[in-house]
Amino acid sequence: MEIYRAYKFRLYPTEEQRILIHKTFGCSRFVYNYYLNYQKENKVCKASILCKDLKELENDCEFLKEVDSCSLRCAIFDLEDGFNNFFAKRSGYPKFKSKFARQSYRTNCIRGTYKDKEYSNIEVDLLNRNIKLPKLGKIKIRGYRNKDKIEGKIVNATISREATNKYYVSVVVEEDILIEKVIPTTIVGIDLGIKDLVITSDGIKYSNLKVLIKYEKRLKRLQKELSRREKSSKNYLKSKEKIARVHAKIKNYRKHYLNYIANEIVNEHDIIVTESLLVKDMFKDKKKAFNKSLSDACVSTLRSLIEWKCKIKGKIYYKINTYYPSSQICSHCGYKNSKLKDLSIREYVCPNCGSHNDRDINASLNILLEGLKLHYNLVSIV
Ligand SMILES: [Zn+2]
């Protein structure tokens, strides 16, 4: 199966390269905004037509010739995507790109043969720790110390400068991987929630995001600090960079933690079942709205991580619709205990069969059972 995988490296450009990177940010933003304005005033046209027009624009604006021309074409295709999303009602009308937002540009990998030698304009050399990029040449990189080679075909590269003042390159690679379908012997149901982010039917709990909450608190403090500073003063910019660093920490921590959970779950089980939606009692709990927004983002990322990892590891993933409140039904006898709407009850004895249930583990057991039903229905049809 062909899959796309992104590798993100930290970039260490020289001063000369850094200047050219910034020129490329500026030029691709210029092209994007120029054609957005053009289409606003005239009519929306296909990217291929705009690319033809770009040649004339390049003749009028000499500075565009200085940078990687492929990045300018990518900007036009991004704009086309923006309009397509707008017409399909997936997003709002495309907006002008600002100099003050996150800066990035993308460039495509072009391959060819020159004097019988294979040639590519983007190359990653993990042994010597550098990447070759169009117009920029070789730039020092850091990341993926455990690898000495990137398998597969490079598709494109996105160069970015984050608010933390660091430069990165994200390289998208097409890989052809062999997936061996696993014959399932184990199944696990997963309840996704707030108090614990994940509760498995094996009784394993992955705690909520204490670390993230700590960072959020620090963020709030820094934002207050920022609001007291005089705009564009030295201290203002300092505070701003501090905030950006905390944001980056949150992002990294979340990525690391969710990947860790998804790996553990997918490595240890063959069939994994989660709920497809989070229609839970938690919505009523306003006090926890703060934690909710945090865990919401995590839950949807975690679900897609599990789905993806199952796919490439040949395992089975089911999303089930829970029309019923999974935590109110006894997983032993099916008795519905509506008293359990009260969230403070964490453990109870089922009044019907007398079994002792932990609220969350009980919910994940119900999810497991639903998944099992679904699995056997599907298998018996085949
Ligand atoms: Zn029961």
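The largest nonpolar core of this predicted model holds 36 residues, and those touching the most other members are Leu11, Val31, Tyr35, Ala75, Ile76, Ile131 and Val169. A nonpolar core is here a set of buried Ala, Val, Leu, Ile, Met, Phe, Trp, Tyr and Cys residues joined through C-beta atoms within 7 Å. A residue is buried if 20 or more other C-beta atoms lie within 10 Å of its own, exposed if 12 or fewer, and partly exposed in between, with C-beta atoms placed from the backbone. At least two residues of this core come from each of strand 1 (2–12), helix 1, helix 2 (47–60), helix 3, strand 6 (130–133), strand 7 (137–142), strand 8 (153–161) and strand 9 (167–176). Helix 1 supplies the largest share, 8 residues. Helices (H or I, at least four residues) and strands (E, at least two) are DSSP runs, numbered from the N terminus. Apart from this core lies another, of 26 residues, which includes Leu197, Ile271, Val273 and Leu368.

Residues are numbered from 1 along each chain as its sequence is written. Because the model is predicted, local features need pLDDT of at least 70 and side-chain atom pairs count only at pLDDT 80 or more, while totals for chains, interfaces and linings use all residues.

The axes of helix 1 (residues 15–41) and helix 3 (residues 69–87) come within 9 Å and cross at roughly 40 degrees. These axes are lines fitted to C-alpha atoms over the stretch in contact, and angles run from 0 to 180 degrees between N-to-C directions. Helix 1 is therefore oblique to helix 3; angles under 35 degrees count as roughly parallel, over 145 as roughly antiparallel, 65 to 115 as roughly perpendicular and the rest as oblique. Helix 1 contributes Thr24, Cys27, Ser28, Val31, Tyr32, Tyr35 and Leu36 to the contact, and helix 3 contributes Ser71, Leu72, Ala75, Ile76, Asp78 and Leu79. Two residues are in contact if their C-beta atoms, placed from the backbone, lie within 7 Å. Beyond its neighbours within four places in sequence, Val31 is in contact with Leu54, Leu72, Ala75 and Ile76.

Two loop residues other than glycine have a positive phi. Lys115, in the loop between strand 3 (111–114) and strand 4 (117–120), has phi near 50 degrees. Lys115 counts as exposed because it has 5 C-beta neighbours inside 10 Å. Arg129, in the loop between strand 5 (123–125) and strand 6, has phi near 55 degrees. With 17 other C-beta atoms within 10 Å, Arg129 is partly exposed.
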